[in-house]
Every structure is written in C-alpha cells, then in structure tokens.
Amino acid sequence: MQTVFQRLFSCLDGLIPNLSALSEGDSLYAPPRIAGDMAVHLAVSAVALPVIELEIAHDEVKGNEERPAPWIVIRVDVTAKTAEILAIQDQWRYEVAFSQEDKPNPQRTSMNLYAVNWLTLMEHLGTVFHPTATNLVQKV
C-alpha cells in the first residue's frame, strides 16, 4: 500500500510530463476544460536534485469577478518518488507543514490528503500540464 506521500508523487508524475527533468523557473499550465472552469498554473521555484519545489495556483473567474487563487507549495523527491506539501492556502487560512523549529503541523496529514484528492480529480478529468512560453519564477 502506498503512503500519502507516494500517492502525491504519483499524481504529480501523471499530471506533469517529464517531472524529473523540470528546471528552476519552468512554468506549466493546465487550461480550463470547460467554460467557467479554473486554469491551473505550476511554477518550479527550486531544484536541488533529487528535490524539486513546485508552486501550484489556480485562477477562477465567475462572471467578471476573479476569485482568490488558493495555492500549494510541494517538495518532490524524484529519487524516493515521494512528494509533500510544504504550505497550502485556501480562501480562509494559510498552513505550513512544519514550524520554524521543524515540528510537524498536526494538520500535516490532512493537508497532504487534500492535495492528493484534488490532484487525483484533475487526473481523472484528463488534465495535463503543458509548458508555457514564459517562466513565472524570476531568478535573482
């Protein structure tokens, strides 16, 4: 049986072509499948192989009104084939997986399960991330 961290990696691997070949600054896009659906953006914020850090955000527009775009920061280990949420934000709050003292958040498992469920749904809908022409993350 897979752990939640292995399941999260598996979802990302299915949604992102050539996951292990991503470079810092790469950006990908999953377009909306139907009118009124959300677009999902992915940016590679750091790479120190075998670890890749991803940031995922979505745009949701209802009529002419843009809604807040919750986002997720994920650490992916391509060698261990695991992934874990580092931070997540929704319309109500911001959560991190570990404190400044490196203590795990009691909600850590729930945060990762939420991401697995969300990404699994994207997979079942046939979503695939495609590279964009411009990089979203600026190297300093």
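This report walks through the fold, the helix pair and a few backbone details of a predicted model.

## Ground rules

Local features here need pLDDT of at least 70, side-chain atom pairs count only at pLDDT 80 or more, and totals for chains, interfaces and linings use all residues. Residues are numbered from 1 along each chain as its sequence is written, and side-chain values use heavy atoms, with hydrogens and water left out.

## The chain as a whole

Let's start with the layout. The chain holds two helices and eight strands, arranged along the sequence as α-β-β-β-β-β-β-β-α-β. Both kinds of element are DSSP runs numbered from the N terminus: helices are H or I with at least four residues, strands are E with at least two.

Of the 140 residues, 34% are buried (under 20% relative accessible area; exposed is over 50% and partly exposed in between, with a 1.4 Å probe and protein chains only). Among contacts with a separation of 6 or more, 49% link residues 24 or more positions apart; contact means heavy atoms within 4.5 Å.

## The two helices together

Two packed helices are described by the angle between their axes and the distance between the axes. Here, α1 (residues 4–15) packs against α2 (residues 108–124) at about 30 degrees, with the axes 9 Å apart. Axes are lines fitted to C-alpha atoms, for helices over the stretch in contact, and angles run from 0 to 180 degrees between N-to-C directions. The pair is therefore roughly parallel (angles under 35 degrees; over 145 is roughly antiparallel, 65 to 115 roughly perpendicular and the rest oblique).

On the α1 side, the residues in contact include V4, F5, L8 and L15, while α2 contributes L113, V116 and L119, among others. By class, this contact has eleven nonpolar, five polar and three charged residues. Ala, Val, Leu, Ile, Met, Phe, Trp, Tyr, Cys and Pro count as nonpolar, Asp, Glu, Lys and Arg as charged, and the others, Gly among them, as polar.

## Backbone details in the loops

Most residues other than glycine have a negative phi, and most peptide bonds are trans. The bond from L49 to P50 is cis, with omega near 15 degrees, and P50 sits in the loop between β2 (39–48) and β3 (51–62).

N18, in the loop between α1 and β1 (27–30), has a positive phi near 55 degrees; at 60% relative accessibility, N18 counts as exposed. K81 also has a positive phi, about 55 degrees, and lies in the loop between β5 (71–77) and β6 (82–89). With 49% relative accessibility, K81 counts as partly exposed.
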